[in-house]
Amino acid sequence: MTPADLLIVNAAEVVTCAGFSEAPARGADQSVVRIVRDGAVAIADGRILAVGASDRLRREHHVGEDQIIDAAGGIVLPGFVDCHAHLVFAGDRAVEWEQRMQGKPYLEILREGGGILSTVKKTRASAIGALVTGAVRWATACMEHGTTTLEAKSGYCLNREGELRLLDVARTVQSELPLSIVSTFLGAHVVPPEFKHDRAGYLELLDALMVEIREQQLARFVDVFCEKEAFTLDETERLLIRAKSLGFGLKLHAEQFSSSGAAALGARLGAVSVDHLEHVDDAGIAALAQAPRPPVGVLLPGVPFHLAQSDHAPARRLIDAGVPLAIATDFNPGSSFTPSIPMCIALACRTLKMTASEAVVASTINAAHALGLGAEIGSLEPGKRADVIVCDVPDHRWLGYAFGSNPVRAVVVGGERVFD
Ligand code: NIG
Ligand code: FE
């Protein structure tokens, strides 16, 4: 047997989330966390070697004291997969956030040239070094909260050079930090001011840019914000069909502020995920559930919390219909300014009425599927990449029950200790 080079022992629970590497957990399986009590994880060459009882693994794997992480009665989980995040941007939106708290609608701020467009202005004007510094800082904060794989969307420059720069920054973050970054091209975030009267021109630019991004392998996915003030359903369809023909995986910002049919479109085009879903209707839910490979519904409970809105995605109806659900932060300076998956799990339990078990599956294996990585990460099973975290809580329900403090004590990425 390969000798282990790292052992994580004495966990009250090893929460494996095992059994869903081929397809995401859905329906009754959404809550199947598959726990090993008094458990341990053995790691070799960056991969999971074994998961089992702590005393047995200690007997079977001889490692030095410095190769042991003592979970000390805490819990061990797969590293969180934050499958929806806008990592690279400049500046902040604290002023607009205060206006929003006074009741000004998010889309009204955008219509007046603020919101996403105010971050675009600042990001375009920012030097690449400052963008890297900001992205490294926030990706580090995500890691400290247990995220071991993080999506990085572009979408705050909305011109050729700028969007390429944002994807390049994501690549630099990947080379500077141990966590994995998955890049998504979101040139179709909104139409930039210089194309306000020439939407067709902007769509053409996006077409050409997708070709270039594909050639340079700068992004794995293409995402479109389908919404009033952003892109229509027809425009979204056209862009995604083009993206698919170029070989990108597809994602959508769907049904966030209004019901648009974007979820059904995602189901029809074979999107890997449809995200937000606060306003998805029954037809949208049915279309998702009946797709041959249903897209993962990525719910983002940080958004209504941050924007102080009471519209929540119908998580229970989605689960009952058989739509696999993930949870992510939607980290961005405008609609969800948190790097913390544990905070989003706590919110999901309260506002989406998900159980802690459902939320844990949602932020690990199902989130991995939302990035097309279900076979590689998201669960603790022999052969998978050793992305593992230790949380200082006595059982997994506490990830929902307690909130506002960071439960993550140790982070291992690809078998390497990052924090301990
Ligand atoms: O997912 N909805 C569109 N995009 C982001 C918000 C980005 C921003 O406000 O800067 C979202 O909520
Ligand atoms: Fe988003």
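The buried residues of helix α4 pack against α2 (94-101), α3 (106-111), α5 (128-144), α6 (160-176) and β9 (221-225), where contact means heavy atoms within 4.5 Å and buried means under 20% relative accessible area, exposed over 50% and partly exposed in between, with a 1.4 Å probe and protein chains only. This is a predicted model, in which local features need pLDDT of at least 70 and side-chain atom pairs count only at pLDDT 80 or more, whereas totals for chains, interfaces and linings use all residues. Residues are numbered from 1 along each chain as its sequence is written, chains are lettered from A and ligands numbered from 1 in the order in which they are written, and side-chain values use heavy atoms, with hydrogens and water left out.

**Overall architecture**

- The chain has 16 helices and 16 strands, these being DSSP runs numbered from the N terminus, with helices as H or I of at least four residues and strands as E of at least two.
- The radius of gyration of the chain is 21 Å, close to the 22 Å that the globule rule gives for 420 residues, so the chain is as compact as a globular protein of that length; the radius is taken over C-alpha atoms, and the rule is 2.2 Å times the number of residues to the power 0.38.
- Along its principal axes the C-alpha trace spans about 70 × 45 × 45 Å, and 62% of the 420 residues count as buried.
- Among contacts between residues at least 6 apart in sequence, 74% join residues at least 24 apart.

**Helix α4**

- Within α4, which covers residues 116-124, the buried residues are Ile116, Leu117, Ser118, Thr119, Val120 and Thr123.

**Lys251**

- Lys251 is found in strand β10 (residues 249-254) and is buried, with a relative accessible area of 0%.
- The side chain of Lys251 reaches the backbone oxygen of Ala370 at 2.6 Å, a polar contact being a pair of N or O atoms within 3.5 Å, where within protein one must be able to donate a hydrogen and the other to accept it, and residues adjacent in sequence count only if both atoms are side-chain atoms.

**Positive phi values**

- Most residues other than glycine have a negative phi.
- Gln217, in the loop between α7 (199-215) and β9, has a positive phi near 50 degrees and is exposed, with a relative accessible area of 66%.
- Glu255, in the loop between β10 and α9 (262-269), has a positive phi near 60 degrees but is buried, with a relative accessible area of 1%.
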